[in-house]
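Have the sequence and the 3D view ready, and follow along.

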Amino acid sequence: MTRSSRIPGFYKLPLAERREKLAAAMGVDAAELVAPLLDEETANHMVENVFAVYGLPLGVALNFQINGTDYLVPMCVEEPSVIAAASNAAKMVREGGGFSAEADEPIMISQVQLDGVSDTLAATQAIDAHAAEIIRIADAAYPSLVVRGGGCRGLEVRTLKRSTAHEPGMLAVHLYVDVRDAMGANLVNTIAEAVAARLGALADADVGLRILSNLADRRCVRVRCRVPARCLATDSHSGEEVRDGIVAASRFAELDPYRAATHNKGIMNGVDAVVIATGNDWRSVEAGAHAYASDKGENGGYGPLATWRVADDESGDLIGRIELPMAVGTVGGALRVHPGARLALKVLGVERASDLAMVMAAAGLASNMAALRALASEGIQKGHMSLHARSLALHVGATGDMVDRVAEEMSRLGDVRAEVAQQILERLRGRNGHAHKAGGIS
Ligand code: MEV
């Protein structure tokens, strides 16, 4: 069944009805979407010293269309407004034809450190001359990967620059391994260990570390979007003003690493939420993203992963682009055991790791656009304060529709503090109590 990611009014529905709507959009029974809790027994087998299970909200971002296909995007995140912002931005991008995306082949890097190399050139030549043999050893270490269409695609010897000419040489040998739909860390670690001894012998070197590189720059994903300026308008700013503000914000990040770090944090709000929801390793994605950003600045050094420009045609549309490594999988890892991750993948409906990577990058680009749009117009605090008001209302004990009523009253007063929330709640409860006694009329 073709899914639509447009579900108008979704956010206003009570949770159970929202689940019904989501299930209908997916073509499944709502019971299949019920509380994906991780039980203690499973948790106890996942990591060490378990004494409890920790929960996070699992939401869904709407309106995403990537390469012409609609996606319901599961997001697991503790920060308010991330999911709403991504959904909102995706709706504007949809007006411009949706996201277009492409992903590299799923090539991970397996690194072997060779130390104490007296002649780095001779060592490099010896390894290069035996490349076919090394690749055979690598493939033999994981025959099932070869059966699935993956395997070692090549190798490269890198001579690392040392600070003094007296230090013995160090090489980093890279094996490029196609891991298909896995994230691939275990695969490439096994391969690194399998080939290390032979590499050490060929280079007459001490074998050092044997591990993947999290700078997975052979496994990048690129996403582009186009947004008509009129879609960007806010209550106080025209679409053109907001568009130009977003471009100026992009330039700020391109010129200043201090801003680029925050700009990229906003991107990772979207990326990580999908990475976590689908049981992937977010530390690895984070490490790869920031290492990749480390030379993207216009003045050298750290820079933004996404940039924004006005289209160089007549349209005046806003064009956004993002590129980053995305080492994620749809098989293995936590997915095997975590029911929430399996549910999230079912909501998303992807099987290929490359499709998952494209969705994650689109979520990152959408989150970035939403943040820059707010920053370039009203500022971020207005939206944040109303969400903060809601969490204060919950904190002082408001439930049901009282949460919104307390939050709205605080926003109206322009005074968002716990004691104010408490006073408003008591006042509203008192009023409701009277209303009950008086026969429900207030
Ligand atoms: C907050 O989680 C993310 C932002 O700081 C991102 C940005 O400044 O672009 C709003």
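## Ground rules

"Buried" here means under 20% relative accessible area, "exposed" means over 50%, and "partly exposed" is in between, using a 1.4 Å probe and protein chains only. This is a predicted model, so local features need pLDDT of at least 70, side-chain atom pairs count only at pLDDT 80 or more, and totals for chains, interfaces and linings use all residues. Residues are numbered from 1 along each chain as its sequence is written, and side-chain values use heavy atoms, with hydrogens and water left out.

Look for Thr330 in the loop between strand 10 (318–325) and helix 11 (339–348); helices (H or I, at least four residues) and strands (E, at least two) are DSSP runs, numbered from the N terminus. Thr330 counts as buried because its relative accessibility is 10%.

Its side chain reaches the backbone oxygen of Glu351 at 2.6 Å. Leaving out residues up to four places away in sequence, Thr330 touches several residues, including Asp181, Leu345, Ala353 and Leu356. Touching means heavy atoms within 4.5 Å.

## Helix 12

Helix 12 covers residues 353–375, 23 residues in total, and spans 33 Å from its first C-alpha to its last. That's close to the 33 Å expected at 1.5 Å a residue, where the expected span is 1.5 Å times one less than the number of residues. Helix 12 is also mostly covered, with 18 of its 23 residues buried.

How values were computed: Polar contact = N/O pair within 3.5 Å; in protein donor to acceptor, adjacent residues only side chain to side chain.
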